[in-house]
Amino acid sequence: MKSNILTIVKKEIHRFFGDRSLVFTSIIMPGLLIYLIYSLMGSYIPNIVESSSVESEYVNPLTPEEQVAYDSLSAKVYAAQFSADEEVSDQQELGKLLSGIFPMLMITLLFSGSMAVAPTSIAGEKERGTIATLLVTPLRRSELAIGKILALSFFALLSGISSFLGIILSLPKLLQLDQLPVDGSFYG
């Protein structure tokens with residue numbers, strides 16, 4: 001049983017890496033596009049925001065007494081969120097935000113990577129006429145499905161890693177930082 005599954009996985013990997021356009025569109029291009037888009041966003045969005053700011057006079061609807069009360073209430077709410085002896089830096093807040101976003105982002109990238117390869121794995125067998133050959137061989141359909149799922153998981157992981165690297169490499173430009181700290185202080 002394991003040899004049948006392994007044979008299907010090897011066949012899928014060979015087919016995948018034999019098709020250069022499939023490798024490019026599902027592994028290389030996602031990471032490259034994410035890097036380019038996020039880098040451009042980090043480079044041009046602050047300039048657009050600065051140039052489009054309209055000078056307008058802000059009228060505060062609060063009286064001076066109400067403003068003082070509002071400011072003290074805001075300070076109390078902020079102090080309740082963070083203990084008084086713990087000083088929270090911008091770097092720690094950014095780390096908390098990113099550590100909450102990255103798991104969701106990785107799952108999304110894994111799903112999008114598998115969506116690029118799955119149709120060619122199943123429909124491609126039918127188009128090439130090899131699905132009939134596979135179904136008459138002495139292997140169970142569950143072995144065929146498990147082999148295809150394992151190979152597809154491998155391709156999705158490669159695509160997710162490529163996209164993740166694109167995000168990590170473009171993050172300093174997107175967030176207007178010189179570089180991301182890697183000493184562990186980033187995650188609070």
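**Exercise 1.** Does Phe17 count as buried, partly exposed or exposed, and what is its relative accessibility?

*Solution.* This is a predicted model, in which local features need pLDDT of at least 70, side-chain atom pairs count only at pLDDT 80 or more, and totals for chains, interfaces and linings use all residues. Residues are numbered from 1 along each chain as its sequence is written, and side-chain values use heavy atoms, without hydrogens and water.

Step 1. Take the cut-offs: buried is under 20% relative accessible area, exposed is over 50%, and partly exposed lies in between (1.4 Å probe, protein chains only).
Step 2. Phe17 has 42% relative accessibility, so Phe17 counts as partly exposed.

**Exercise 2.** Classify the ring pair of Phe16 and Phe17, then that of Phe16 and Phe155.

*Solution.*
Step 1. Rings of Phe, Tyr and Trp (its six-membered ring) pair if their centres lie within 6.5 Å; planes under 30 degrees apart are stacked, over 60 edge-to-face, and the rest tilted. The count by this rule is four aromatic pairs.
Step 2. Phe16 and Phe17 are 5.1 Å apart centre to centre with 85° between the planes, an edge-to-face pair.
Step 3. Phe16 and Phe155 are 3.9 Å apart centre to centre with 20° between the planes, a stacked pair.

**Exercise 3.** How buried are Phe16 and Phe155?

*Solution.*
Step 1. Phe16 has a relative accessible area of 0%, so Phe16 is buried.
Step 2. Phe155 has a relative accessible area of 2%, so Phe155 is buried.
Step 3. Ring pairs link Phe16, Phe17, Phe154 and Phe155 into a cluster.
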